[in-house]
Amino acid sequence: MPFPKQVRLVEVSPRDGLQNEPSPIATATKLELIDRLAAAGITYIEAASFVSPKWVPQMADHREVMTGLTRRPGVTYTALTPNLKGLEAALECGVEEVAVFGAASEAFSQKNINCSVAESLARFEPVLERAKQAKVRVRGYVSCVLGCPYEGEIAPAKVADVSKALYEMGCYEVSLGDTIGVGTPLAAKRMVETVSRDIPMGKLAAHFHDTYGQALANLYAVLEEGISVIDSSVAGLGGCPYAKGASGNVASEDVVYLLNGLGIETGIDLNKLADTGTWITQAIGRPNRSKVSVALAAK
Ligand code: HMG
Ligand code: MG
């Protein structure tokens, strides 16, 4: 299959990138990050997470973030909402889009959201209904699509089942999460091929963490399958609190560099994006995990 002409990047650094940071990060820093990302041409930013502050303290300022951000035209600012409580709070803050998150692994579902996969799907139903009433679009995540920190290998058929359930429930897009970054290109290809038997390829996104350094190779493999939405995090920030040892998402700068080289449009200014990566890593005292960003900064 030919590569897509355009790819939409979903920037998850303000949420996935920061949720696991142990020391508090000022709301003002998060807001500046979000605005710098938008200024670099990112049109879709996952800004916050309406989860329990006891579970994920770093996301406790979700209201302040969602109401404090400067909305730029053409940019979608979204948030995670695992249940009705989260959705109602997000709606009060004026969100135009939210995301629910399930898993292809029973053990991960229990650790991450304290319920079974079937229970999570039942919990998402009213979230989808309420969001529809409020004319808010819902994205669906499936975690552990290429492996689980507790269960090991995950069958593509299990990923397909959960993805299909989310899609049929009304999620407009399903993002396939390699939560612990263990996948390799052929496995990623097979997984996407299996899921796309039930869901059109244009409704799927790749959300690959880079723990084992395979994310770019895996993205190349699924681009060949026709995936045209990629989740990434500036400077490769991030990690999931319920997936021990998992490192950040694939770095946005590295994805843009790859796509530029393939002649695939993103509308993103790579230099501005790289500057944002340099700034945020200095601001929070983290290493910059984007090789492209580091290379550009050294010029
Ligand atoms: P629970 O304890 O089963 O829920 O947690 P509960 O309904 O029994 O409520 C317990 C307490 O939490 C109550 O407070 C509720 O009010 C409160 P208390 O009475 O004890 O004071 N509560 C909430 N507070 C704020 N916002 C809410 C909310 N809901 C309940 N929405 C729950 C269930 C899902 C809430 C919990 O397990 C949780 O917050 N988990 C967070 C998990 C998380 O954020 N994980 C990281 C994001 S997922 C990810 O990173 C993967 C992804 O990137 C894709 C990939 O890489 O694979 C998306
Ligand atoms: Mg993630």
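Guide: Begin with burial: a residue counts as buried when its relative accessible area is under 20%, as exposed when over 50%, and as partly exposed in between. Keep in mind that this is a predicted model.

Visitor: Which residues of helix 4 are buried?

Guide: Gly86, Leu87, Ala89, Ala90 and Leu91 are the buried ones in helix 4. They pack against helix 3 (62–68), strand 4 (97–103) and helix 6. After helix 4 comes Gly94, with a positive phi near 80°.

Visitor: How should I read the packing of two helices?

Guide: Two packed helices are described by the angle between their axes and the distance between those axes. Here, helix 4 (residues 84–92) packs on helix 6 (residues 117–133) at about 20°, the axes being 9 Å apart. Helix 4 is therefore roughly parallel to helix 6, since angles under 35 degrees count that way. The crossing of helix 4 with helix 6 is right-handed.

Visitor: Which residues of helix 4 and helix 6 meet?

Guide: From helix 4 come Leu84, Leu87, Glu88 and Leu91, and from helix 6 Pro126, Val127, Arg130 and Ala131. Sorted by class, this contact of helix 4 with helix 6 has six nonpolar residues, no polar ones and two charged ones. Leu87 and Leu91 belong to this contact and are also among the buried residues of helix 4.

Visitor: At what angle do helix 5 and helix 6 cross?

Guide: The axes of helix 5 and helix 6 cross at roughly 55° and come within 9 Å. Glu106, Ser109 and Ile113 on the helix 5 side meet Val117, Ser120, Arg123 and Phe124 on the helix 6 side. The contact of helix 5 with helix 6 divides into three nonpolar, two polar and two charged residues.

Visitor: What should I look for in phi?

Guide: Most residues other than glycine have a negative phi. Asn114 is not a glycine, yet its phi is positive, near 65°. Asn114 sits in the loop between helix 5 (106–113) and helix 6. Ala235, also not a glycine, has a positive phi of about 65°. The loop that holds Ala235 runs between strand 8 (229–232) and helix 10 (252–261).

Visitor: Is Ala235 buried or exposed?

Guide: Ala235 counts as buried, because its relative accessibility is 1%, and the limit for buried is under 20%.

Visitor: Where is Ser196 found, and which residues does it touch?

Guide: Ser196 is in the loop between helix 8 (185–195) and strand 7 (204–208). Leaving out residues up to four places away in sequence, Ser196 touches Met201 and Leu204. Its relative accessible area is 22%, so Ser196 is partly exposed. Ala165, in helix 7 (residues 156–169), is partly exposed because it too has a relative accessible area of 22%.

Visitor: How does separation in sequence compare with distance in space?

Guide: Take each pair by both numbers. Ala165 and Asp198 are 33 residues apart in sequence and 10.0 Å apart, C-alpha to C-alpha. For Ser196 and Pro82 the values are 114 residues and 25 Å, C-alpha to C-alpha.

Visitor: Which residues coordinate the magnesium ion (ligand 2)?

Guide: Asp16 (OD), His207 (NE2) and His209 (NE2) coordinate the magnesium ion (ligand 2), at 2.0 to 2.3 Å. Along the sequence, these donor residues follow the spacing D-x190-H-x1-H. Both His207 and His209 are buried.

Methods. Residues numbered from 1 in each chain as written. Chains lettered and ligands numbered in written order. Predicted model: local features only at pLDDT ≥ 70, side-chain atom pairs only at ≥ 80, totals over all residues. Heavy atoms only, no water. Axes fitted to C-alpha atoms, helices over the stretch in contact; angles between N-to-C directions. Helix = DSSP H or I, 4+ residues; strand = E, 2+ residues; numbered from the N terminus. Parallel < 35°, antiparallel > 145°, perpendicular 65-115°, else oblique. Left-handed = near helix turned anticlockwise from the far one by under 90°. Contact = heavy atoms within 4.5 Å. Nonpolar A, V, L, I, M, F, W, Y, C, P; charged D, E, K, R; others polar. Donors = N, O, S within 2.8 Å, 3.2 Å for Na, K, Ca; no water. Buried < 20%, exposed > 50% of the residue type's maximum accessible area, 1.4 Å probe, protein only.
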